[in-house]
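Welcome, and thanks for taking a look at this one.

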Amino acid sequence: MERILAERRWIAARVTAGGVPRRDREDVVQAVIVAAWMAVEAGRYRPDPSVAPRRALLGWLFGIVWRKVGHHVNRAWVRREIPMADPWSARPS
């Protein structure tokens, strides 16, 4: 867990680069850390021994960040969608 937490700034930089709004960044960073920790606990982190330990960790974390950011940015409430009974009746503003 310490190795994951030590990369918090790196994770935050990737979340910012992914286009997550400022108000949501800390939540997404936390979601990444929790997902990584749960994966470690479940035994899903199996780094290649031929790769430097930090490089292996960052590559693995990048995948988690990429998925969490993608899911967050594509949520309807983040994109400010408004559900309507008849979407064809809407006029652009």
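Two residues are said to be in contact when heavy atoms lie within 4.5 Å. This is a predicted model, in which local features need pLDDT of at least 70 and side-chain atom pairs count only at pLDDT 80 or more, while totals for chains, interfaces and linings use all residues. Residues are numbered from 1 along each chain as its sequence is written, and side-chain values use heavy atoms, with hydrogens and water left out.

Let us begin with Trp 10, which belongs to helix α2; helices are DSSP runs of H or I with at least four residues, numbered from the N terminus. Leaving aside neighbours within four places in sequence, Trp 10 is in contact with Leu 58, Leu 61 and Phe 62. Its relative accessible area is 19%, so Trp 10 is buried. Here buried means under 20% relative accessible area, exposed means over 50%, and partly exposed is in between, using a 1.4 Å probe and protein chains only. Pro 87 lies 77 residues from Trp 10 in sequence, and the C-alpha atoms of the two are 41 Å apart.

Glu 7 sits in the loop between α1 and α2. Is Glu 7 buried or exposed? With a relative accessible area of 9%, Glu 7 is buried.

Along α2, the buried residues are Trp 10, Ile 11 and Val 15. Viewed down the axis of α2, these buried residues fall within an arc of 140°, so they line one face of the helix; the arc is taken over the directions from the helix axis to the C-beta atoms. The cover over the buried residues of α2 includes α1 (2-6), α3 and α4 (53-73). On the face turned away from the buried side, α2 carries the exposed residues Arg 9 and Ala 17. Just after α2 comes Gly 19, with a positive phi of about 90°.

Axes are lines fitted to C-alpha atoms, for helices over the stretch in contact, and angles run from 0 to 180 degrees between N-to-C directions.

| Pair | Angle | Axis separation |
|---|---|---|
| α2 and α3 | about 125° | 9 Å apart |
| α2 and α4 | about 40° | 10 Å apart |
| α3 and α4 | roughly 130° | within 10 Å |

The angle of the remaining pair makes α3 oblique to α4.

As for handedness, a crossing is left-handed if the near helix is turned anticlockwise from the far one by less than a right angle, and right-handed if clockwise. The crossing of α2 and α3 is right-handed. Where α2 meets α3, Arg 8, Ile 11, Ala 12, Val 15 and Thr 16 are in contact with Arg 25, Glu 26, Val 28, Val 29, Gln 30, Val 32 and Ile 33. Sorted by class, this contact of α2 with α3 has seven nonpolar, two polar and three charged residues. The classes are nonpolar for Ala, Val, Leu, Ile, Met, Phe, Trp, Tyr, Cys and Pro, charged for Asp, Glu, Lys and Arg, and polar for the others, Gly among them.

A right-handed crossing is also found for α2 and α4. Trp 10, Ile 11, Arg 14 and Val 15 of α2 make that contact with Leu 58, Leu 61, Phe 62, Val 65 and Val 69 of α4. By class, the contact of α2 with α4 has eight nonpolar residues, no polar ones and one charged.

Finally, α3 passes α4 in a right-handed crossing. On the α3 side, the residues that meet α4 are Val 28, Ala 31, Val 32, Ala 35, Ala 36, Ala 39 and Val 40, and their partners in α4 are Trp 60, Leu 61, Ile 64, Val 65, Lys 68, Val 69 and His 72. The contact of α3 with α4 has twelve nonpolar, one polar and one charged residues.

**Two exposed residues**

Met 38 is in helix α3 (residues 25-41) and counts as exposed, at 52% relative accessibility. Pro 53, found in helix α4, is exposed with a relative accessible area of 54%. Residues up to four places away aside, Pro 53 touches Arg 3 and Tyr 45.

Terms used:
Parallel < 35°, antiparallel > 145°, perpendicular 65-115°, else oblique.
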